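Visitor: I'm new to this one, and I'd like a close look at a single part: the disulfides. Could you walk me through them slowly?

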Amino acid sequence: MLLLLGSLAAAENPQKSDYLENIALCNGSDGTSFAVRINGCTAFIDSGQGTATALAIAYNNRGNAHTAMGDIDRALLDFDQSIKLDPTYAKPFNNRGAAYLRKGEYDLALKALDDAIKLNPNYARAFVNRAGVYLKKNEYDRAARDYDEAIRLEPNLEAAWSGRCWTRAILGSLQAALEDCNKVLQSWPNDAATYDSRGLIHLKMEQAGAAIEDFSTALRFDPKLASAFYGRGLARLASGDKAGGDADISAAKTIQAGIDNDFVRYGVRGSN
């Protein structure tokens with residue numbers, strides 16, 4: 001999430017209004033686009049009028065905007081600069097960890113998120129991001145513990161409930177996983193990942209019809225979600241629809257090579 005720069009005293013000069021406008025843009029005020037936020041942060045940084053703390057926040061904000069636009073390398077440069085300016089500021093550590101996670105550099109992500117949590121042990125979103133790293137490293141028990149802690153710290157954080165649903169589904173705590181997914185979908189009804197998770201639960205419960213319905217819903221919201229194609233393929237095979245099942249599994253493997261190995265780790269027998 002973008003941060004507010006807080007109360008910054010504008011310099012007494014004719015450019016005061018521009019200075020304040022750049023702060024507002026950098027904060028993402030009034031739903032400004034990410035490109036406009038980047039421009040506002042850049043103008044504020046280049047003005048030379050901010051304190052070290054304010055500049056650290058501006059670099060972090062700009063890094064978040066770069067991340068949202070998919071420019072992870074530029075985002076990482078900004079998070080690094082934010083940390084250099086204020087090494088006690090936990091948010092750029094968290095955001096750097098999330099960026100490394102997106103790049104697939106899991107050890108670097110883990111280090112950054114460990115640092116964020118050391119600086120702020122009550123940082124629920126950092127626990128969610130670290131759980132995401134543990135999932136990628138196939139350390140499901142550790143991921144579940146981090147999701148538990150995130151929910152304890154911030155009970156309404158949907159990403160934590162959704163992530164825990166997926167993790168519990170993999171671990172085989174199916175009823176508890178189902179309750180987590182249902183809770184998320186009450187307030188987040190268009191989330192493909194949660195329908196995908198619930199599809200896996202129903203698949204492992206041998207409820208093929210319910211699994212097909214959930215995987216199909218997930219694909220309506222995310223038409224390239226390989227796990228939903230593969231899971232639906234397995235459910236269709238289980239229900240006797242060989243042609244449909246084979247087509248879904250082929251589509252899944254086209255999107256993501258090796259997905260059959262992933263499902264073996266999830267505790268579901270893949271197809272040949």
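**A close look at the disulfides**

Guide: Happy to! The structure holds 2 disulfides, and keep in mind as we go that this is a predicted model. If you number the bonded cysteines of the protein chain in sequence order, they pair up as 1-2, 3-4.

Let's take Cys26 and Cys41 to begin with. Their sulfur atoms sit 2.0 Å apart, and the two form a disulfide. This pair links distant parts of the chain: Cys26 belongs to helix H1 (residues 16-27), while Cys41 belongs to helix H2 (residues 34-47), 15 residues apart. The torsion about the S-S bond of Cys26 and Cys41 comes out at about 95 degrees, so this disulfide is right-handed. Are these two cysteines buried or exposed? Both Cys26 and Cys41 are buried.

Now on to Cys165 and Cys181. Here the sulfur atoms are 1.8 Å apart, and again the two cysteines form a disulfide. Cys165 lies in helix H9 (residues 158-171) and Cys181 in helix H10 (residues 174-187), so the link ties together parts that are 16 residues apart in sequence. What about its handedness? With -80 degrees about the S-S bond, the link of Cys165 and Cys181 is left-handed. Cys165 is buried, with a relative accessible area of 0%, and Cys181 is buried with a relative accessible area of 0% too.

While we're at H9 and H10, have a look at what packs against them. The buried residues of helix H11 pack against H9 and H10, and also against helix H12 (208-221), helix H13 (226-238) and H15. H11 itself covers residues 192-204, which makes 13 residues, and it reaches 19 Å from its first C-alpha to its last, close to the 18 Å expected at 1.5 Å a residue. Of those 13 residues, 11 are buried, so H11 is largely enclosed by the rest of the structure. Among the buried ones are Tyr195, Arg198, Leu200 and His202. Just after H11 comes Glu206, which takes a positive phi of about 65 degrees.

One last stop, in H15, one of the helices that H11 packs against. Asp262 has its place in helix H15 (residues 259-265). With a relative accessible area of 13%, Asp262 is buried.

Conventions: Residues numbered from 1 in each chain as written. Predicted model: local features only at pLDDT ≥ 70, side-chain atom pairs only at ≥ 80, totals over all residues. Heavy atoms only, no water. Disulfide = S-S within 2.5 Å. Helix = DSSP H or I, 4+ residues; strand = E, 2+ residues; numbered from the N terminus. Buried < 20%, exposed > 50% of the residue type's maximum accessible area, 1.4 Å probe, protein only. Expected span 1.5 Å × (residues − 1). Contact = heavy atoms within 4.5 Å.
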